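Hi everyone, thanks for making the time. I'd like to walk you through one model today, so let me put it on the screen.

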Amino acid sequence: MILKNKDVLGLEELSAEEILGVLEIASRFRAVFDRPVRSVPIMRGRTVVNFFHEPSTRTRISFELAEKRLSADIVNFSSATSSFSKGETLRDTAENLAAMKIDMLIIRHGSAGAAHYLAKVLECSVINAGDGAHEHPTQGLLDIMTMRQRFGDLRGKKVTIIGDISHSRVARSNIWGLNKLGAEVTLCGPPTMVPGGLARLGVNIEYDLKKAVADADVLNVLRIQLERHSSKSFPGNREYHRMYGITEDVVRALKPEAIVMHPGPMNRDVEISSEVADGPRQVILDQVANGVAVRMALIYLLSGGDPGALGGG
Amino acid sequence: MEWSWQRIPSEFLVTDVKLCRQGKLGKRKGFLHIRKGRIEGLGVGAPTAEGIPALDGDGLVCAPGLVDLHVHFREPGHEEKETVATGSRAAAAGGYTSVVTMPNTDPAIDNTGMIRYLIDRGKEAGRCRIHPTGAISPGREGQGMTEFGDMVSAGAVGFTDDGSPVASGGLMSNALKYADVLGVPIITHAEDRSIVGKGCMHAGYWSARLGMAGMARAGEDTAVFRDVELARAAGAHLHVAHVSTKGVVEIIRRAKNEGLRITAEATPHHFSLDHSRCRGYSPLFKMNPPLREPDDVNAVAEGLADGTLDCIATDHAPHTVTEKEHQFDQAPFGVTGLETALGVGITYLVNTGVMDLGRLVQCMSETPARIFNLPGGRLEEGAEADFVLFDPTRKWKVVADGFQSRSDNSAYLGETLIGRVAATFRGGRLTWRAES
Ligand SMILES: [Zn+2]
């Protein structure tokens, strides 16, 4: 068994072995993408519910694609189109889902801890597709997969996460996962966006972008969540771009092999300049492709898929 | 005449009890003599009076009826959470004989009629003395002042916009001056909302790790500092509600050393639990002010022990199961406290050596009664016969269906506490008796 638990709630809960095991399977799925028939029918006759309580086009499409390639029956709920209203408690939601006898639940929710709650009360497997500002384990896994494709073993590699750490579930999943694999994580952003409390998780905090990226191997650039910030927490996009934007100037000073990542969707010319976003350092489309592979791997493994049946990668 | 629990006589003795009063637990057993709702006499050894029915206290501690300066009974407006009747029952079960109710009901308690209404509802319920506070501002909206004078004549014992802070320093200043002439305190729910923002738990390691918006200590510290300085300028009595930070303990310590008329309370949860409890995302650990860091918890406990903080108040805040089933960030703030306070005090303060039982009882009865000028809360000749009998060594498990409150949102569910109320009397009448 590669995964010990029935759920994947966060990289906090996964061991280094589990992370590497999942990534191994994901890389085999990546190989399948290049074949003419890209589906693996392990999930035939099984129902996966994508429950997105918060809008997210990218993650939902990526999950759907992963599910389709595994031949699952897919049901989509989103807060906009379903009767699951804001006033309904998660417990009501859970009871409804339990009654539907589904095989797997993919949950995106605006509240931290939502996936954990559902995992506790539901018998089916639950994959956290993002809970508030807490964790986004599939994003963390796809980021790590992308880094490993470039660098192999991440021990001693320096990863700098830049941006709105306080609201970022991507940052937290990256921190847990990268720490477990022995990478060295630095957080960088305006002090109003980097909670000092995170230092206790074993990361460096550096407010000066130049210093933070000086000997970095990876820049993971987060989306500035404009909608979450009142004007009081940072002066505005122009100043942000000048102080923390990843521009050609910043990239020129990087180590030659360093890469630039972004979980998308990008605010071009805010956290990342268009030149960098389209430039040679970025690996953003690899991230997208790896995302599907990672999600296939998790669904496959949680459904009892046999790692050996996939053949060598 | 024989003692009978079924028909409590108007004159009776409670014998074989350890009297706990004026900060001390009696070493020898003694007795209490009740007559017509008042304490006729008390002392060590056996009573001399004969022919009076006697309740055998069987070695229990006999303490003044507990006094809680901070409860939310939700009536009117949210009777699904609690009413004066159910809240009074919870109070009696916790050993309380007097409570001070907060005015953040719906509508708010902001006029004489509402004050009278609460007192009447309390009398109907008959288990506990209800002392209402009035809102500082109409509708607790922070605009202008309510009729303090009128409400004091109707029985209001203080003023507060609790639930919300008073954002305007000018209004707070005027309220302090105005209330002082009427002989009642202003109770501050100290919170700078522009600092606290959308926070739902203490801002620190755990909020950062769990991905939840934090409530910085500074939001409470700066608000208390402002109000202390306003009280200094007004020469008025300021009472600081639910102190949760080491910074506030320090501000109050300094203010008291300077001779200011500042009093303060702390809740059981703030001297017993820290923010790591939020790790499972259970809304049972969501309160305002939030559970803070271990050094804050220790500072609050020490503050109670050395008298910087005068008393323990529960901030009993019932919520329905449904509300507490929302996700942490969506759930309302607040937990119940009346029925667990004594046990939490004994478990976390007395049995840990922070203070002795005499001091704990004083923090929960005599001192709060004194600082708010309330009747009861004293075991002495001529006083109201408000008293509680409890076993300070009795272990019990906190379970959801064990509560008298209409709500069971307790932060101690599943925990074993030490110290349990056996019986509560208010004005010589039995208001609660535990099943043995
Ligand atoms: Zn309050």
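When I say contact here, I mean heavy atoms within 4.5 Å. Please keep in mind that this is a predicted model. With that cut-off, the contact draws 25 residues from chain A and 15 residues from chain B.

How much area is buried between chain B and chain A? It comes to about 1,500 Å², and carbon and sulfur atoms give 54% of that. On the chain B side, the residues losing the most area to chain A are B:Tyr205, B:Arg209 and B:Gln327, together 39% of what that side buries.

B:Arg209 pairs with A:Glu12 in a salt bridge, with the closest N and O atoms 2.4 Å apart. The count of salt bridges between chain B and chain A is one, and there are four residue pairs in polar contact. Helix 6 of chain B, residues 205-210, supplies the largest share of the side that touches chain A, namely four residues. By type, that side of chain B has seven polar, five nonpolar and three charged residues.

Now to the metal site. Which protein donors does the zinc ion have? They are B:Asp162 through OD, B:His189 through ND1 and B:His242 through NE2, at 2.0 to 2.2 Å. Along the chain, the spacing reads D-x26-H-x52-H. B:Asp162 sits in the loop between helix 3 and helix 4 of chain B, and B:His242 in the loop between strand 13 and helix 8, so this pair ties together parts 80 residues apart in sequence.

Are those two buried or exposed? B:Asp162 is buried, at 2% relative accessible area, and B:His242 is buried too, at 3%.

Note on methods:
Residues numbered from 1 in each chain as written. Chains lettered and ligands numbered in written order. Predicted model: local features only at pLDDT ≥ 70, side-chain atom pairs only at ≥ 80, totals over all residues. Heavy atoms only, no water. Buried area = accessible area lost by both parts, 1.4 Å probe. Salt bridge = Lys/Arg side-chain N within 4 Å of Asp/Glu carboxyl O. Polar contact = N/O pair within 3.5 Å; in protein donor to acceptor, adjacent residues only side chain to side chain. Helix = DSSP H or I, 4+ residues; strand = E, 2+ residues; numbered from the N terminus. Nonpolar A, V, L, I, M, F, W, Y, C, P; charged D, E, K, R; others polar. Donors = N, O, S within 2.8 Å, 3.2 Å for Na, K, Ca; no water. Buried < 20%, exposed > 50% of the residue type's maximum accessible area, 1.4 Å probe, protein only.
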